[in-house]
Amino acid sequence: MKQGFEAQFDHNTSANSTEYDKSSSLLAAGDGFPDEKRIFLSLTERAAAAGLLSPAEGERLKGEVLSLLEKQCRRYTREQSGSVRSETAGELLQGILYLLGVWLEGQTISGGAALLRRTPLEEGYRQGRIRLRRQLRSCQGYYTLVLRERMPRASRLYDDTLDGGLRGFWKLYPGLMDFFPHQVPITADYPVLHYPQGLEGLSFIRRYLDGYRWENRFCRLFSPTRQRLLLEDYARRCGERPMELGCNLCEILLAHALLEQGEGLTVPERWDRLSASFPDGLRAYLGSWCRENPATLEREMQAVRGENGNN
């Protein structure tokens, strides 16, 4: 168990690691939703490469993480043993790294290195737990906002995920926070346009809710009656019942909105005309998806036109 972690840690604190950009932050570019589990290792790697953490400091941090792991193993077994199955130990280690990432979230490389030099990791871990509980309360409030802005009777998949899966998360996640905060105890089945990739724990849920939020805001540009009629028409063309649609609903309404911008326009021209009055967040969210998925968008526009049969 220790050898595997030490090898990973030594790799990430190697003096030969990739040089870092002094202006960079640990946050993913512009999205504000970092992968907390990787923040600690990423920071130590970049700080060591920049000379902000010495080899001796790297060894100290490694020892402190292993000490935290031993304490977590004892807590997990209720002080009966410091030994657990390797799979469990690995999950406990991931939970430790996740909470250290919550503590360090938003730090620049230099600021994070300074924090690591002066703060024992046990204290950083404790502060990460406190911060995660605050984030959980904030995220529950965000979920309430998403519920208020939801589409009325959209599809079974949309409703079941919002009312069942996500509601269940708030009941199950508190029981994971002491040992396995990186886990997501539900399946988020509704396919938001930007489905979170590489994120875990509360970070995944925050990003997933962000998808619901922006897509709901776009769909509210259509009246409830028009939403229903357009989705019923789409389902009919696909040979399905409206409530049984398993696709993203915003994608269908977006295809309609783009087609309504006029004839003889390219998709980018249609998007520029459609989004001219959108708030920045909505324009960024939908615009990036349009740029990344032109073929999917063309296919949906064809389906909305009724081209190619039921495709």
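Begin inside the protein, where the largest cavity holds about 30 Å³ of space; a cavity here is a set of points on a 1 Å grid over the protein atoms alone where a 1.4 Å probe fits but cannot get out, and its volume is the space filled by probe spheres set on the points. The model is predicted, with local features needing pLDDT of at least 70 and side-chain atom pairs counting only at pLDDT 80 or more, whereas totals for chains, interfaces and linings use all residues. Residues are numbered from 1 along each chain as its sequence is written, and side-chain values use heavy atoms, without hydrogens and water.

To see the lining (residues with an atom within 4 Å of a point), select Met151, Tyr158, Tyr190, Gly211, Tyr212, Glu215, Asn216, Cys219 and Cys250. Helix H8 (residues 201-219) gives the largest share of this lining, 5 residues; helices are DSSP runs of H or I with at least four residues.

Next, select helix H10 (residues 249-259) and helix H13 (residues 294-305), whose axes come within 9 Å and cross at roughly 75 degrees. The two helices are therefore roughly perpendicular to each other, a term for angles of 65 to 115 degrees.

Finally, select Tyr76 and Phe180, whose ring centres are 5.8 Å apart with planes at 75 degrees, so the pair is edge-to-face (centres within 6.5 Å and planes over 60 degrees apart). Because Tyr76 lies in helix H3 (residues 55-76) and Phe180 in the loop between helix H7 (156-172) and H8, the pair ties together parts that are 104 residues apart in sequence.

Notes. Axes are lines fitted to C-alpha atoms, for helices over the stretch in contact, and angles run from 0 to 180 degrees between N-to-C directions. Angles under 35 degrees count as roughly parallel, over 145 as roughly antiparallel, 65 to 115 as roughly perpendicular and the rest as oblique. On a 1 Å grid over the protein atoms alone, a cavity is a set of points where a 1.4 Å probe fits but cannot get out, and a pocket is an open set with protein on both sides within 12 Å along at least five of seven lines; lining residues have an atom within 4 Å of a point. Rings of Phe, Tyr and Trp (its six-membered ring) pair if their centres lie within 6.5 Å; planes under 30 degrees apart count as stacked, over 60 as edge-to-face and the rest as tilted.
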